[in-house]
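This briefing is intended to accompany the structure displayed below.

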Amino acid sequence: MTNRPRPLELIATPFKGSWRAGAVWALVFALFIVATVAFWPAFKGSTALNDALKTLPAAMLQAFGLDDFATPAGYLRGGLYDVLIPLMFAVAGAMFANSATSAEEDAGRIEMYLAQPVTRVAFMTGRIVSTMLWLVVLVIVVLVAQVLSDVLFDLQIGANQIISTVVLSGLIGVFSAAIAIAVAGITARPGLVLGVSLTVAFLGYIVAALFPISDVLKPWVGISPWDWALGGDPLVNGGELWRYLALIVPSAVLAIVGVVAFNRRDIRAA
Amino acid sequence: MEQGSGLALRIAGLVKDYGSVHAVGGIDLEVERGQVYGFLGPNGAGKSTTIRCILDLLRPTSGRIEVLGLDPRRDGVEVRGRIAYMPGELRLPERMTGHQLVATIERLRGGISDERRDALAERLDLDLKRRLRDLSSGNRRKIALLLAFAADAELLILDEPTSGLDPLMQQVFQQLVAEARAEGKTVFLSSHVLSEVQRAADRVAVLRAGKIVAMGTVEELRGRARKRVEVWFTDAPPATELAAVSGIVNPLTEGRHFSAVLDGPIQPLIELLARHPVASLLVEEPDLEEAFLDLFAKAPVGDAA
């Protein structure tokens, strides 16, 4: 053992502490992707399905991303990237952030670390970086699973479109995690942390999916982080730079809010 | 207080409120370097709250704390680098082994040698290969003790350190405290168990309801506590005179035997007895447990001596 403190431990400890959850999430993401793409050959070029779907109200098709199911982009959007994968990223982000911060504090386990020669800012930053690293891992897992599945089941779609879509979906998870971190910085109440971040994610989806159906609400669709991320249909068009920034910048601000608030308050006792 | 002065800890007017609840209501104390300082009080007296303020885990409502000449808020990293802390309520990462936890803390603070770690584990009869979730509460406390005493710290802050330890381990703990003092370290020992403090502490502060109600050496505090007095006279006891002595409580006369509780200086009683034929006299030093319980109960809050 050395005599010099190694602050990278503040990242490594929570990262290692979440490996079981990370492994389960990675497995679930990969399984959903492979299982969905595996059915692509049955839908490929199918006009019958499109005809059947056209009997549904156009608004419903739009809301659930079911239009154009016979094309690669339409199939992936309807099966994975309109709801499922972004929602999973949102839940994963909130849960990783919560378990690294407020859940640990609520359980009385961070006192041991904060009694060491580390600042609260460094501690919280370590927890944030650990959360983001897990989301990066999941983005990589999703990308690898998607690309391998596409090759295996002959789903032809551009690499730029896939990378943009997966990264933007991952950024929904980052945004959700950042909300959790902001709340966790203010108070060590895991229920509240998860509740706020998941409510924002869910409402964001509702706004992005349903507001465009209504002429009155349509102008307000831009308030949804889901619309910032996926509103440009990245499976067809790729992702514009502003969409990445629209999620990264507020996420960074929320994370800073969490760190500053955490640095100012009492730490909950065991 | 300047760095390098004789004080390891100075607390002045510390107040910590949680809304309308006054957890700590204005504490003043000073701990000299190299001292073992007992911080006594019943559960809920505010001991852990005070300690958590010292570590900057809690932010005081008002008051001033200086640790080793430094401000724990402004100089928190340096302060905590020179402190080893054992929390009263222990929550450890369940999936880690003892080895992994010690390694994690070592990576955060440095200064824990393998030799010191292994020697302490042997003395504490601790298997560091086992996962923390598989350890008994006593063994978890031993892990926390190991972390506190293995650190190269100038000030050890130990909150209820022997809670859950068997008598043999309590002896080892007393030895470790004595060794720490011999090495010039300061030990701030919080407890509601008097026996663990009386053997180790140079000075003691007694806390009740968030305020210090007594302060001094163990002997001084023992002297302030009530004593049991029994006198055997060769003739009938001067019951009326005895009952009138200052501090005499619950006087009881049976034949030539007189007994009472003395709550005050003994000199007036001795002067009275000198004028009468006394066959035998017994003044029982209070059991420390009783003495401090007495202090907890009777001292008006804020009347620290």
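What covers the buried residues of α4(B)? In this predicted model, the cover includes two helices of chain B, α3 (98-109) and α5 (137-150).

**Helix α4 of chain B**
- Helix α4(B) spans residues 114-123, and its buried residues are Arg117(B), Leu120(B) and Ala121(B).
- Viewed down the axis of α4(B), these buried residues lie within an arc of 100°, so they line one face of the helix.
- Glu115(B) and Glu122(B), by contrast, are exposed on the other side of α4(B).

**Overall form of chain A**
- Chain A contains 15 helices and zero strands.
- Along the principal axes, the C-alpha atoms of chain A occupy a box of roughly 65 × 45 × 30 Å.
- Buried residues make up 46% of the 270 residues of chain A.
- Among contacts in chain A with a separation of 6 or more, 76% join residues 24 or more positions apart.

**Packing of α10 and α15 in chain A**
- The axes of α10(A) (residues 120-152) and α15(A) (residues 241-264) come within 9 Å and cross at roughly 145°; the crossing is right-handed.
- Residues making the contact include Met124(A) and Ile128(A) of α10(A), together with Val259(A) and Phe262(A) of α15(A).
- By class, this contact of α10(A) with α15(A) comprises six nonpolar, three polar and one charged residues.

Conventions: Residues numbered from 1 in each chain as written. Chains lettered and ligands numbered in written order. Predicted model: local features only at pLDDT ≥ 70, side-chain atom pairs only at ≥ 80, totals over all residues. Helix = DSSP H or I, 4+ residues; strand = E, 2+ residues; numbered from the N terminus. Buried ≥ 20, exposed ≤ 12 C-beta atoms within 10 Å, placed from the backbone. Contact = placed C-beta atoms within 7 Å. Axes fitted to C-alpha atoms, helices over the stretch in contact; angles between N-to-C directions. Left-handed = near helix turned anticlockwise from the far one by under 90°. Nonpolar A, V, L, I, M, F, W, Y, C, P; charged D, E, K, R; others polar. Arc of directions from axis to C-beta.
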